[in-house]
Every structure is written in structure tokens, then in C-alpha cells.
Amino acid sequence: MTEAARPPAVRKQDTLDRLEKDVDAWVSTASLDGTPYLMPLSFLWTDGTLLLSTSRTNPTARNLIANPRVQLTLGEVRDVIHVTGTAELVTPTDAEAAAFAAKAGFDPRPLPNYPFFRVTPTKIQAWREVEELKARVLMTDGHWLS
């Protein structure tokens, strides 16, 4: 059973709520030769960006260092959020690192081989059912639409 499409402002707020509350996302990266890699990672939504951490030896980290383009997906098939963005190696603030650890239930700071990456969204899409597909783009070129 399908529902009426949410107005864009409601979908944007629902998306922001999910980014704030959800803990994990599917993170899709690719090596320089185009080999795809998909890994679930915890994230922290902070100041309009997503903070991630994974082992430097993990293909996700190696891919992000070589090719910063990334796609993250939250939710289920009938309530999905796609975030396209670019990642960079960062040293988070103490407050960000503590918030990440609290939210994720995992603190990478004491581990010498767990860098943090900050993903800056360039495009965000969100939809639940077919009625929302036409207007699924909520952010483009890093700017929220209406």
C-alpha cells in the first residue's frame, strides 16, 4: 500500500532526523581501477557532514584515500536516503570524536590505524514509495533545494 508523497520540506526534515539518529550506513567506494567495494560503517552527522572511521587496511579506507568519491545509503528499500559526496582524511575535534564514539558504540581514537574521514555531501536523495521518486533529489551541488 502506498502513501501520499511527503512535501519536500517534510522529506528534508525526515532526512535530517535520520542522519542525526541512524547509526550505520552502507558505504560504497571504488578503487582507482573502478573495482567497487561496499561496507557498512557507523557515522556521525555533524555540521552538515558525515564522520566515518575504519581501519586504514580496509578497502574502504584505501579507496577513499585514492578516490574520495563515495556513496552512502541509509534505510530500507521503501525508506531510503542516498548521499553522494567526497571524503577527506581529517582529525576530528575532541567533541566530534567523543560524539562519534558514543553514537557508534566504538571509539577508534586509541587505535593507531583507524583514521577518520569527513564526507561532504554533494547530492542527497530520499524517497519511500514511487510517489516520491519524481522529486527525490533534496540536495544538489552541495546545496539543499527549497
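## A first look at Phe106

At 32% relative accessibility, Phe106 counts as partly exposed, because buried means under 20% relative accessible area, exposed over 50%, and partly exposed in between, using a 1.4 Å probe and protein chains only. Tyr114 is partly exposed too, with a relative accessible area of 29%.

Please keep in mind that this is a predicted model, where local features need pLDDT of at least 70, side-chain atom pairs count only at pLDDT 80 or more, and totals for chains, interfaces and linings use all residues. Residues are numbered from 1 along each chain as its sequence is written, and side-chain values use heavy atoms, leaving out hydrogens and water.

## Aromatic pairs

A pair of aromatic rings is described by the distance of the centres and the angle of the planes. Rings of Phe, Tyr and Trp (its six-membered ring) pair if their centres lie within 6.5 Å; planes under 30 degrees apart count as stacked, over 60 as edge-to-face and the rest as tilted.

The structure holds two such pairs. Phe100 and Phe116 are edge-to-face, 5.5 Å centre to centre with 80° between the planes. This pair links distant parts of the chain: Phe100 sits in helix α3 (residues 94-104) and Phe116 in strand β7, 16 residues apart. Helices (H or I, at least four residues) and strands (E, at least two) are DSSP runs, numbered from the N terminus. Both Phe100 and Phe116 are buried. The rings of Phe106 and Tyr114 have centres 5.5 Å apart and planes at 65°, so this pair is edge-to-face.

## The nonpolar core

A nonpolar core is a set of buried Ala, Val, Leu, Ile, Met, Phe, Trp, Tyr and Cys residues joined through side-chain atoms within 4.5 Å. The largest one here has 22 residues, and Leu19, Phe43 and Leu50 are among those with the most contacts inside it. Its largest share, four residues, comes from β7.

Which residues does Phe43 touch? Leaving aside residues up to four places away in sequence, its contacts (heavy atoms within 4.5 Å) include Leu19, Leu50, Phe100 and Lys103. Lys103 also lies over the face of Phe43, at 4.2 Å from the ring centre. A charge sits over a ring if NZ of Lys or CZ of Arg is within 6 Å of the ring centre and within 35 degrees of the ring normal. Likewise, the charged end of Arg136 sits over the ring of Trp127, 5.8 Å from its centre.

In α3, the buried residues include Ala97, Phe100 and Lys103. Among the elements covering the buried residues of α3 are α1 (8-21), β4 and β7. Just after α3, Gly105 takes a positive phi of about 75°.
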